Amino acid sequence: MADNRIQIEEDGENREINDSPIEQVRLTVPITDDPTMPILTFRTWVLGPIACVILAFVDEFFKYRQNPITLSDSCFQMLLVVFGKLMAATLPSKPVKVPGTRWTFSMNPGPFTIKEHVLLTILVTSGLDGPYNIAIVAVKRIFYYKYVNFWAGLLMILTSQLLGYGFAGIFMKFLVNNPYMWYPFTLLDVSFYRSMHEVEKRPKGGITKFQFFLVATIASFGYAIIPGYFFPSLGALSAVCWFWKDSVLAQLVGSGRYGFGIGSFALDWNAIGGYLGNPFAYPLSTIINTAVGFLIFLYFISPITYWTNSYNARHFPFSSYDIFDKSGRVYNVSRILNESDLTFNQTGYQSYSKSYLSVVYLFMIAFNFATMTSSLTHFIVFHGRETWQQFKQAYYRGSNAGDVHNRLMKKYKPVPQWWFSAILVIVIGLAILSCEGFGNQLQLPYWGILLSCLLVMIFILPIGVLDATTGSSFSLNIIGEMLIGYIYPGRPIANMVFKGYTISTSYHALAFISEFKLAHYMKIPPRSMFVVQLTGTIISSIVSFATSWWLISSVDNICHPNKLPKGSPWTCPGLNVQYGSSIIWGVIGPQRLLFPDGIYSKLLSCFFLIGVIATLLVWGLSKVFPDKQWIRSINIPNVLTGAMLVLVAGPASYWSWIIVGLLYNFIVYRKYKNWWAKYNYVLAYGLDMGVAFLALLTSLTLGLNGIYGADWWGLDVGDHCPLAKCPTAPGVSVDGCPTVQ
């Protein structure tokens with residue numbers, strides 16, 4: 001058996017590496033394999049689809065809430081171990097014969113194995129993260145009040161999810177078989193699976209990880225009853241507003257959802273981690289970078305712009321995902337939109353008003369621009385040389401570079417290239433059908449699908465190399481909506497569809513490849529991985545779309561906060577932002593918002609440069625002061641990305657998330673490091689799971705019957721700061737707001 005040293009034998013141009021050339025891989029991934037280990041078992045095909053349906057339903061169901069609940073994949077990874085081992089302990093092992101055939105199988109082929117666990121998890125979670133195009137159907141039905149054919153929507157969802165798999169096959173050899181493409185975060189999965197299958201004995205006077213997980217889940221469930229049903233206002237407590245009920249300025253300063261959030265906080269775990277993620281799961285450096293970005297965003301850039309009344313900012317709310325006209329009222333989209341075909345009305349726009357954004361919305365877009373350029377710059381200056389060396393090694397050695405993992409995987413049949421080619425051709429054809437067919441309800445012509453594919457083809461390799469070598473990435477979101485906004489302006493649905501195909505295709509192609517790398521490390525047959533990925537994606541896509549369709553059809557006034565009954569959580573802040581984006585980039589268009597006619601053109605263009613300059617500044621300081629480790633911990637993309645959720649999460653959630661994260665990952669980590677190392681992630685998953693169970697139970701039993709809790713002051717899912725949404729410019733009159741003199 002090979003040891004952990006790198007041994008290279010050269011014979012002409014052949015190079016054989018008896019371990020990985022990457023040190024992190026050598027320290028994490030074993031160089032042994034047991035090809036007799038059961039993989040695609042009866043347990044996989046029974047437990048997998050059932051769990052996939054449940055998780056897809058729960059994930060989509062919670063996206064429409066004021067504070068969406070996100071269940072980590074690791075929660076289900078832990079539960080799947082329990083159910084898998086339970087089935088292994090109880091199912092009969094006697095072979096079962098399939099009637100009418102000679103084929104037999106065993107319901108219980110032996111112990112629940114680590115390979116079976118990996119495949120089961122991939123089946124359950126593949127395709128789950130973001131059937132983005134579901135939002136397109138929801139926005140068109142809810143905000144544009146237009147019918148969408150069910151089958152057209154379903155076909156769009158399925159094709160946007162599966163198209164990436166076809167592209168993944170093109171780059172599979174370079175990004176998977178190449179040992180220099182090592183995927184840092186995939187190594188965390190390898191470590192997690194290995195730790196889950198290690199035998200753990202209950203310590204004397206202590207409890208096991210799973211017992212601790214159950215305790216945390218039950219405790220979280222019990223507490224979540226208070227903010228989840230009896231006292232929803234705990235999601236954003238804004239003390240300043242309680243004392244100054246008639247002051248616009250005081251409520252703007254104190255509002256935890258729509259203002260500066262001074263003195264605001266959240267006591268609802270769902271509000272703390274619903275948008276920003278579980279603070280227990282992030283390293284201290286990420287929390288600090290996010291906090292810095294939040295402070296700069298909300299307490300430096302935004303207030304300066306607002307109080308100097310730049311771009312008439314004080315004529316509009318400080319923080320709002322609505323779009324406004326020159327009078328300060330919510331933009332009447334119907335005046336610039338042809339009702340019959342949802343296209344831009346130039347005459348109506350010229351006689352009405354330019355569009356204006358709240359300061360927070362404006363800088364959310366600006367920070368998005370800066371994130372894109374800073375991510376590329378960060379990659380080039382901090383990881384460019386290393387990646388270039390790895391790229392050259394991969395290029396000259398080819399995809400057949402013979403490290404131990406490639407040699408071990410040669411025992412298994414690879415996925416034929418024609419499988420990927422067939423998916424690519426068939427799915428592109430079906431995607432064009434979904435857009436061109438069904439009465440052209442999606443507005444995007446066939447060339448839009450082909451252009452989206454070309455954009456993905458151009459970017460997938462550099463993004464893939466970035467992900468494979470550094471663990472970081474960037475989205476094609478802004479690029480997609482700007483490109484189609486210039487080329488095919490005035491069509492909001494077409495803009496969303498093009499962006500949706502671009503984002504989903506690139507995301508799922510890269511996710512498919514990283515999952516194949518996990519299979520590569522865990523020595524799982526590629527064809528088995530391909531089958532479960534495809535199966536899981538199809539199941540989760542259908543269930544997610546059906547769940548969304550059912551919610552939209554059954555919840556009255558969903559996503560319209562002003563029309564919902566008191567206490568209703570179905571406010572959909574995420575979808576409201578999607579709707580706003582469709583107006584900005586699709587109806588009005590980037591040429592009227594940015595270059596050449598936009599009022600925000602210079603400001604937003606500057607942020608492209610800010611992303612580059614800020615990153616180069618940090619890189620330069622790290623070179624001048626190489627002994628200052630804290631300088632290298634400054635991650636400008638993290639700083640910029642962390643602040644972009646202020647619009648939907650609100651400062652109350654941010655402050656609580658930062659405080660909890662700093663206390664836990666600094667004080668608890670330092671004083672109780674052994675306890676932290678053993679129970680940290682278990683506690684994080686237990687808290688999330690308890691909140692999710694409570695929310696699902698109350699929503700499916702009470703919520704759908706219009707019962708949201710006792711009718712009292714604390715039932716409001718807002719923060720009791722209604723005047724925080726009012727303009728502060730003198731003389732601006734808006735319904736429900738006092739006019740400032």
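In this model, a polar side-chain atom of S126 sits 2.8 Å from the backbone oxygen of I122. The model is a predicted one, where local features need pLDDT of at least 70, side-chain atom pairs count only at pLDDT 80 or more, and totals for chains, interfaces and linings use all residues. Residues are numbered from 1 along each chain as its sequence is written, and side-chain values use heavy atoms, with hydrogens and water left out. Here is a quick tour of two places.

**Around S126**
- You will find S126 in the loop that joins α4 (114–125) to α5 (134–142).
- S126 is buried, at a relative accessible area of 0% (buried means under 20%, with a 1.4 Å probe and protein chains only).
- Its side chain also makes a polar contact with the side chain of E515, at 3.4 Å (a pair of N or O atoms within 3.5 Å, one able to donate a hydrogen and the other to accept it).
- Beyond its neighbours within four places in sequence, S126 is in contact with Y165, E515, Q533, G536, T537 and S540 (heavy atoms within 4.5 Å).
- From S126 to L534 the C-alpha distance is 7.8 Å, although 408 residues separate them in sequence.

**The nonpolar surface patch**
- I288, V292, I296, F300, I304 and L662 form a nonpolar surface patch of about 490 Å² (residues with over 30% relative accessible area and no salt bridge, nonpolar side chains joined within 5 Å).
- Helix α13 (residues 284–307) supplies the largest share of this patch, 5 residues.
- I288, located in helix α13, is partly exposed, with a relative accessible area of 41%.

Methods. Patches are made of residues with over 30% relative accessible area and no salt bridge: like charges are joined within 9 Å, nonpolar side chains (Val, Leu, Ile, Met, Phe, Trp, Tyr) within 5 Å. Accessible areas come from the Shrake-Rupley method with a 1.4 Å probe; for residues, only the protein chains shown count as cover. A salt bridge is a side-chain nitrogen of Lys or Arg within 4 Å of a carboxyl oxygen of Asp or Glu. Helices (H or I, at least four residues) and strands (E, at least two) are DSSP runs, numbered from the N terminus. Buried means under 20% relative accessible area, exposed over 50%, partly exposed in between (1.4 Å probe, protein chains only).
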